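Student: Could you take me on a close look at one part of this model, and then show me how it sits among its surroundings? I would enjoy one connected account that I can follow on screen.

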There are 2 protein chains.
Amino acid sequence: MSAIRHALNTKREDDFAAWYQEVISAADMAEESGVRGCMVIKPWGYGIWERMQRLLDDRIKAAGVQNAYFPLFIPLKNFEREAEHVDGFAKEMAVVTHHRLIADGEGGLIPDPEAKLEEPLVVRPTSETIIGDAMSRWIQSWRDLPLRLNQWANVVRWEMRTRMFLRTSEFLWQEGHSAHASAEEAQAETMTALEMYRAFAEEDVAIPVIAGEKPENERFPGAVETWSIEAMMQDGKALQAGTSHYLGTNFAHAANIKYQNDAGREVLCHTVSWGVSTRMVGGLIMVHGDDDGLRVPPALAPFQVVILPMLRDKPEDEALLDYCEGLRAAIAGQTALGEPARVLLDKRPGKAAAKRWDWVRKGAPVIIEVGGRDMENGVVSLLRRDALWNTETGKPAFQNPERDLCAQSIPGVLADMQNGMLVAARERREANIRRDISDMDALAEHFSREAKYPGWVEVQWAKPTGDALAKVVETLKELRLTLRNVPMHAPPADGTCIFTGEPAVERVYVARAY
Amino acid sequence: MSAIRHALNTKREDDFAAWYQEVISAADMAEESGVRGCMVIKPWGYGIWERMQRLLDDRIKAAGVQNAYFPLFIPLKNFEREAEHVDGFAKEMAVVTHHRLIADGEGGLIPDPEAKLEEPLVVRPTSETIIGDAMSRWIQSWRDLPLRLNQWANVVRWEMRTRMFLRTSEFLWQEGHSAHASAEEAQAETMTALEMYRAFAEEDVAIPVIAGEKPENERFPGAVETWSIEAMMQDGKALQAGTSHYLGTNFAHAANIKYQNDAGREVLCHTVSWGVSTRMVGGLIMVHGDDDGLRVPPALAPFQVVILPMLRDKPEDEALLDYCEGLRAAIAGQTALGEPARVLLDKRPGKAAAKRWDWVRKGAPVIIEVGGRDMENGVVSLLRRDALWNTETGKPAFQNPERDLCAQSIPGVLADMQNGMLVAARERREANIRRDISDMDALAEHFSREAKYPGWVEVQWAKPTGDALAKVVETLKELRLTLRNVPMHAPPADGTCIFTGEPAVERVYVARAY
Ligand SMILES: [Zn+2]
Ligand SMILES: [Zn+2]
């Protein structure tokens, strides 16, 4: 075995946080904008988000939910009537107070004092209240129900400490909002959205997730139930990758969302909301990245195959480009993962080897290099991003299929890679979940041991509420731990509560988290 | 001939502005939000915008331009260094001054005085300056050029008088921005974007447009050249439906976008920007709508075919739904305009006739009603939105094809309708352009005559600049007229300038405008 010289400077095991930043930079995904807490999403990062949007939107449309668009600005009064919101996450918000700039007479600009808004406007941190306003106008009778809407939008929550994709002041997301005639229907919708997220995370992003209910202390303010999908990152921490909230009639009460039932009586609707954001891109990096950079699941790769002709600024280049163009067209004619294969013939100036490492760091699933000798032999040099190294030689593990066979093999290679990434991530997660810890000393011991990445622990508990729960949360906080969720498909409890010693009623995940 | 009872209350010829508002409301496209100048785009309106996005984005990607995302907030200093912008459109902007709300002690909320931003932030009215910042970081050498980016985003320009889709404080758009090594390349890019817009407007939106250069007085502030596509609405007014700007080195100078050329010298880039917005939806309404509501070109229709089963709350309903589902599946299996046909089986409660008129007002291209007798006969009742009325009977012009033939005919019907809408709009436009007016008296006469919709006049002019141009603009303004653009493909001038009497150098359109 020879030593491999990896493409990044930082290894995951040496400094996971620094590695994360290096991947984002090396894969050219995003950068700080200079505007506090806001990032610029560069083409490769945005292209991945666009693919996420496309695939999740297909699922949203298939579920019969309709997209719409609501205003960026929300009047103060919407937050006033919703005191819960303000106690919750929504204190830190961008507030618009003026609608004009004027010169200050010294070469600068100031908000025009003459153009002060009578009522300040808030840049939406989420759209429950303004969509609730619309629902209260649009819904009259049971015939108007269910009303199922989704919005793709930017939202702003002023953040003091930010981390690209994971926590930024402005971020991109979708927010689903629906109103229903009964609690049962609304709860079913909450589950429909959760299952949509599970399928999206696992089938499209190749991230295995645990779907379950958040404990009371982790509920969205005003929600009756909050459900989440939780993913394990390679450092063993949890990332909440999507949430679905059953809001009961709380928001309907605040926004006056009522319908006339078939007995002619006015009653409150039951509402639901659900969201997934650019945070998922951060999750993708932390689940699939390696010491050579990003690895993009083929379903999400803006380009699934990149062809690099080894040009030499000589007359033979033309024949080589023809040969590569033939390959490109043959691959573009293939259907991979249900869509036309996305292939780029990268003719930019620069050495093929340097460009190879650029694409390795970006995580393009398949890189194909073609030199003069390949052309003579009718073959290509193919590199799979999920099997990059020949560990015997310490060199990139090139394969040399015939050109035409190569094109035909692409759909199979991509499907295999998509599935393989999910399977590998699931195996890693399962290897890092402990289910045999049943007392607090052992739990503390487990999370204090030398190993950097202690993963998750599934414990049994009595589902305490109120003050009893607050005490549990406090105890966990001292260990830098949080309750993640109560998994949907776990076996019934059969032990005692790790926190209280009472008979346990269910299982719950405990982990460090982003 | 019998009198037709149209589906709208207002006819175009009676009150075009009121008709426009009624279409938006009757087709359930959008509504006022209660937030000053911002609208809610409802599912049918947003669905049309999503289709526009999809088709234009396909063209953008095919042109090799990459999507990215830049911050919503722009620092004041970006506007300070760009005095031109501030003199231009950008004075009226939403200004964020605080990042927190607190209770005022009387049940209300106020911006927290402790959380005042050191430097206010502006909600982007356009992103030239912040994308320019990024370009100045990303471009070092000629190898980095051209840099061709596009962003889909919401932007805000505070408007006092608003009109849905045409002028709103917040609107949705795409903005393309590119940097080039030479003026020639940048000018070629300006034309590439313009041609992309022309093809999009004509082939996808079925709106014929005149592509040409805006006169000096209509240039984007800071641009060397501004080009536009101009569309004629049914009231004869012009709508600027897309613009492409060659910015010379003006923005590069302000944002310090430089590159090292192959001789090793640092030189300024030439930049280009181009944009199309939700305004195009307003144009679609005013070009294609009729006295029965909206008509959506099939390429843009969220549903191209809507099937309405005539349910009667009886056991036979089930067989009817099966029959309709068979039709739905057969249509969904067809390829129309290069994509799978989009078909809805509308099973919502309500009478089929009421639902028919809903879909007529929404402008679904094909409506298919199916009753018990249709089923017995193996046929369906099909209504084309572009041939709605039998003018002999004054009744809807239903056709009764066999069910299976109907499904097979859909691709042809939709393609025919898409083309027919463009042809009809072009014929109407050409019938409303005068090219034979060569003196100011005749021009004033033409625009003061009884006819409500005088259309456009193509005149010849000497292309005055500076004060001479200002005088022309002033004269036209008194007639409520504007200069639109200098068409690209017009015959050379052969007369005298209508404004100055000098020899003409080119042709220019004069019209009332939105
Ligand atoms: Zn609330
Ligand atoms: Zn400027």
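Tutor: Let's begin with B:Cys269, which counts as buried because its relative accessibility is 0%, under the 20% cut-off. Please keep in mind that this is a predicted model. B:Cys38 is buried as well, with a relative accessibility of 1%. For B:Cys38, the nearest cysteine sulfur belongs to A:Cys38 and is 19 Å away, whereas a disulfide would need the two sulfur atoms within 2.5 Å.

Staying in chain B, turn to the open sheet of 4 strands, whose order is E20-E17-E21-E22 with mixed pairing. Its edges are strand E20 (343–345) and strand E22 (381–384) of chain B; each has a single partner strand, so one side of each has no neighbour in the sheet. On average, neighbouring strands here are turned by 15 degrees against each other, direction ignored.

Strand E17 (residues 305–309) of chain B runs parallel to E20(B), and the two are joined over 3 bridges. Within that pairing, B:Val306 has B:Leu344 as its bridge partner in E20(B).

Helices lie against this sheet. Helix H10 (residues 352–362) of chain B touches E17, E20, E21 and E22 of chain B, and its direction makes about 170 degrees with that of E17(B). Helix H9 (residues 317–332) of chain B lies across E17, E20 and strand E21 (366–370) of chain B, and it runs at about 170 degrees to E17(B).

Now move to helix H5 (residues 128–138) of chain B, which is mostly covered, with 9 of its 11 residues buried. Among the buried ones are B:Glu128 and B:Asp133, along with B:Ile130, B:Ile131, B:Met135 and B:Trp138. In the loop between H5 and strand E9 (147–156) of chain B you will find B:Pro146, which is joined to B:Leu145 by a cis peptide bond with omega of about -10 degrees. Chain A has a cis peptide bond between A:Leu145 and A:Pro146, also with omega of about -10 degrees. Most peptide bonds are trans.

Chain A can be laid on chain B with an RMSD of 0.0 Å, by a turn of 180 degrees and a shift of 0.0 Å along the axis. The two copies are thus related as by a two-fold rotation axis. Among the residues of chain A, A:Val96 comes closest to that axis, with its C-alpha at 2.1 Å. The copies meet through the same surface, because 100% of the interface residues of chain A are also interface residues in chain B.

The largest nonpolar core has 76 residues, and A:Phe73, A:Val123, B:Phe73 and B:Val123 touch the most other members. Leaving aside residues up to four places away in sequence, A:Val123 touches A:Leu72, A:Phe73, A:Ala94, A:Val96 and A:Val156, and also B:Leu72, B:Phe73 and B:Val96. That list includes A:Val96, the residue of chain A that comes closest to the rotation axis.

To finish, look at a loop in chain A. A:Asp28, between helix H1 (16–26) and strand E1 (30–32) of chain A, has a positive phi, near 60 degrees, although it is not a glycine. With a relative accessible area of 32%, A:Asp28 is partly exposed.

How values were computed:
Residues are numbered from 1 along each chain as its sequence is written. Chains are lettered from A and ligands numbered from 1 in the order in which they are written. This is a predicted model: local features need pLDDT of at least 70, side-chain atom pairs count only at pLDDT 80 or more; totals for chains, interfaces and linings use all residues. Side-chain values use heavy atoms; hydrogens and water are left out. Copies are superposed by least squares on the C-alpha atoms of residues with pLDDT of at least 70 in both. Contact means heavy atoms within 4.5 Å. Buried means under 20% relative accessible area, exposed over 50%, partly exposed in between (1.4 Å probe, protein chains only). A nonpolar core is a set of buried Ala, Val, Leu, Ile, Met, Phe, Trp, Tyr and Cys residues joined through side-chain atoms within 4.5 Å. Two strands pair if DSSP finds at least two bridges between them. Axes are lines fitted to C-alpha atoms, for helices over the stretch in contact, and angles run from 0 to 180 degrees between N-to-C directions.
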